[in-house]
Amino acid sequence: MYYRYHPFLKAFLKELDAKIIFSEKTNKRILDLGVKYCVDEACLPIKIFHGHVASIKNQCDLIIVPRIIKEKGGEFICPKFCGLPEMIINSIPHLPAITRKPISMDQKKSLDRWVIGLGKSITNNKEKIMKAYSKAIRVQESYNISINDKNYSFKIALAGHPYCVHDSFFNMNIIKKLNNMGVGVVTEEAVKKDSFENEINNLYKKPFWEFTRNSYGFCMNILKTHNANGIIYISSFGCGIDSVSIELIKNQVGDFPFLILKIDEHTGEAGVDTRIEAFINMLEERRDLLGNHISPFREHLYTHQDFI
Amino acid sequence: MVITFPHFGSTYIPIKILFDELGIEYIVPPLNSNDTLEIGTLYSPEEMCLPFKIMMGNYIQSIEEGADTIVLVGSNGPCRFGEYCELQKNILDNLGYHLDFIVLESPQVIGKEEFKSKVYKIVRHSSRSSTDRWRILGKSITVVRLMEQVENKVLLRNGYEVNKGEHKRILYQCKNELLKTGSIDKALSVLKYYNKRIEKTPVDLKKNPVKIALLGEIYTIIEPFSNFNIVDKLMDFGASVKKGLSVTWWLTDAFLRPLKLNSINIRKASMAYMPYYIGGHGRECVGEALLANKEKFDGAIQLFPMGCMPEIVAKVILQKISKDRDFPIMTLILDEMTGEAGYNTRIEAFFDLLERRQENVLFRC
C-alpha cells in the first residue's frame with residue numbers, strides 16, 4: 001500500500017516538519033528480519049512488512065502502521081491488514097510508539113480522525129495540521145503509479161495486489177525483466193475503475209474484497225479489449241484472497257494466455273525466470289502462428305536437413 | 001425441489017427435524033468420510049481452506065443422491081467464507097450440475113425483501129400454514145439450543161465423572177435417539193430427558209481435571225471430521241472441555257450485531273489485545289482465550305484450517321497472551337494432508353504438559 005499512498009504521508013509529514021525515516025527498499029536483510037519475527041503461517045508481504053518495521057525500529061519515535069479497513073464503501077481489504085498493528089506489536093520486541101487507529105477510506109470522517117490524530121502526536125498546532133492535510137490530499141490526487149508501456153510489440157498485463165506488482169524485490173524485478181525481453185507492461189491502475197464495476201456486477205455475488213474486485217475487473221477488461229497479449233498474475237503463497245480471485249479469473253479466461261506466479265520466501269529466481277521466458281516464448285509462437293495451435297517443432301525439423 | 005446442505009457438526013439433526021416437520025423434501029449428505037474429502041479436494045482449488053473442500057464433497061455426494069438445491073448461509077465479513085457460494089456455484093456448473101444455490105445472508109446486507117424471498121423459496125413447498133412455519137422454526141432453534149446445552153454439560157462434567165466414559169456414551173445415545181424421532185415435539189422431550197439424566201450422572205467434585213478450551217475457526221471447532229474428533233480424544237483422556245464457539249452463539253451474534261449487543265463479554269475481554277474486528281472469528285478467538293484464562297482453565301487449543309487469514313493474526317496475539325499470562329496455548333493447523341498420528345501425539349503431549357503443571361502431580365524423575 002506504500003506504493004499507492006506514500007505521497008500523501010510524505011507531504012503531510014513534511015508540512016509538519018517531522019523528520020521522516022523511510023525503511024530501505026525491500027532487500028534480503030529486510031526479508032530475513034521479517035521471517036525471523038513473523039509467524040510462519042503469514043504470507044510473504046506480511047513478513048516483508050514485519051521486516052521493514054524491524055529494520056527501522058531503533059531509529060525513530062513513531063512508526064506509522066496503517067490499519068486500512070476499507071477503501072470504498074462495502075469493500076474490505078485483507079483481514080491481515082486489519083490486524084496488522086496487533087501482529088506487529090505482539091511479535092516484534094522493543095518497539096517505539098506506533099499508530100493503531102483504523103482507517104476507513106470510504107468515510108471522510110474516519111480518515112480525518114486518523115490524520116488529525118497522527119498530526120496531534122507530532123505538533124499541537126491545529127491550523128498547521130489542517131493545512132498540511134489538504135496539501136497532502138492534493139499531492140496524492142496528482143500522483144500516478146500506473147504503468148502502461150507503449151513502445152513494445154508485446155504487452156503483458158501484470159495483475160495482483162499493488163504491493164506484489166510494485167515491489168521489485170518481492171517479484172524479482174519482473175517489470176524490468178519483461179522490458180529487457182522486449183515486452184511492455186500494463187498495470188491495473190492504468191485502466192479506469194468504472195469499467196471494473198460493470199464486470200463485477202456480472203458475478204453471482206459481489207466480492208467484498210477490494211483486491212479481488214480490482215484484479216478481476218482488470219483481467220476482464222484486458223480480455224475484452226485485448227489491450228495486452230497475456231496476463232501474469234503475481235500472487236503470494238497462502239493468500240486467501242487470491243485463492244478466490246484466481247479461480248474467478250480462471251473461469252473466464254478461456255484460452256487467453258494466463259500465468260500465475262506464486263511467490264514465497266523460498267521461491268528461486270531461476271525458476272521464475274524460466275517460467276516467464278517460457279510464457280513469453282509461448283506468446284511469440286502464438287502470434288507467429290496467428291492462432292493455429294500447431295507445434296513449431298516440425299518447421300525446424302526440415303530447415304536443418306537442407307543438405308540432404 | 002430437493003434441498004441439501006453442507007454438514008456442520010451435528011446441526012444436521014435439528015435441520016433434518018425441521019425439514020421433516022415442514023414437509024420439505026431434503027437429502028442429508030452422507031456423513032463426512034474420507035470419500036467426501038477426496039471428492040471435495042479433487043474439485044476444489046488447491047489453495048482453498050479445508051471447510052470449502054469438505055463442503056464440496058458434501059454437495060457432490062448429495063447431488064449423486066438426487067438433490068437439486070443447496071442451502072448455505074453466507075457472510076459478508078472479510079473472511080473467505082463469504083465467497084464460498086460464488087466459487088462453489090462456478091465449480092458445480094463446470095462439472096455439469098446446474099443447481100439452485102440459496103444463500104441466506106444477514107438481512108442488513110442484502111435487504112429485507114431479498115432475504116424474505118430467499119426464505120420463501122425454501123418453504124414454498126411446505127404444506128404448513130405460515131404461522132405453523134414460524135412456530136416450527138422457533139422450536140427447531142430451541143432444539144439446537146438444548147442440544148448444545150446437553151453437549152456443553154457433557155463436555156464440562158466429563159472431567160469429574162465417576163464411571164469413565166459414561167458421559168460420552170450418554171451424549172451419543174442422545175444424538176442417536178434424536179435422529180430417530182420424527183417430530184419436533186418428541187425431539188424436545190428427548191432433549192429435556194437427557195438434560196435431566198446428565199445432571200443425575202454421578203460426578204466427583206473433588207477431582208481436579210485438566211480443563212481445556214477449544215478456540216479458533218468455527219467450522220474446525222464444530223465439525224468433528226475436520227478436527228479428527230478432538231473433543232472425543234480429549235474426553236477419553238478425562239479432560240473437561242469447553243468449546244468457544246457454537247451454532248447458537250453464531251445465531252445470536254448474527255441477530256444482535258445490528259444492535260451492537262452481540263457477545264459483549266468477548267468484546268470486553270479482547271479489548272486489551274485486539275480492539276477491532278478483523279473478520280472471521282479472529283477477535284472472538286482472542287476474547288475466548290482471555291476468558292478461558294480468567295475462568296481458570298488449564299490451557300487452550302487453537303484450531304484453524306491452513307491459510308485461514310483471521311486466525312493467523314489471532315495466533316500472533318495468542319502467543320503473546322500465552323507469554324504474558326503464563327497460559328499454555330497450542331495451535332493445530334488442519335488441512336487434508338494432516339496425519340492423524342502426528343496430530344494425536346501433539347494432543348497427548350500437550351495434555352501431559354497441562355497435567356504436569358498441576359501441583360498435585362509429582363515429577364517422576
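**A close look at the loops**

Tutor: Phe228(B) counts as partly exposed because 17 other C-beta atoms lie within 10 Å of its own. The cut-offs are these: 20 or more other C-beta atoms within 10 Å make a residue buried, 12 or fewer make it exposed, and anything in between is partly exposed, with C-beta atoms placed from the backbone. Bear in mind that this is a predicted model, in which local features need pLDDT of at least 70 and side-chain atom pairs count only at pLDDT 80 or more, while totals for chains, interfaces and linings use all residues. Residues are numbered from 1 along each chain as its sequence is written, and chains are lettered from A and ligands numbered from 1 in the order in which they are written.

Stay with Phe228(B). It sits in the loop between helix H10 (218-222) and helix H11 (230-237) of chain B. Helices here are DSSP runs of H or I with at least four residues, strands are runs of E with at least two, and both are numbered from the N terminus. Phe228(B) is not a glycine, yet its phi is positive, near 55°.

Now turn to chain A. Asn173(A) is not a glycine either, and its phi is positive at about 55°. Its loop runs between helix H8 (162-166) and helix H9 (174-180) of chain A. Asn173(A) is partly exposed because it has 15 C-beta neighbours inside 10 Å.

Back in chain B, take Arg124(B). This residue lies in the loop between helix H6 (112-123) and helix H7 (130-157). Arg124(B) has 9 C-beta neighbours inside 10 Å, so it counts as exposed. From Arg124(B) to Lys192(B) is 68 residues in sequence and 31 Å in space, C-alpha to C-alpha.

Next come the strands of chain B. Four of them form an open sheet with parallel pairing, in the order S2-S1-S3-S4. Strand S2 (26-27) and strand S4 (100-104) are the edges, each pairing on one side only. To pair, two strands need at least two bridges found by DSSP. Strand S1 (residues 3-4) is joined to S2(B) by two bridges, and the two run parallel. Thr4(B) has Ile27(B) as its bridge partner in S2(B).

Last, chain A as a whole. It has 14 helices and eight strands. Of its 308 residues, 37% are buried. A contact means two C-beta atoms, placed from the backbone, within 7 Å. Among contacts in chain A with a separation of 6 or more, 72% join residues 24 or more positions apart.
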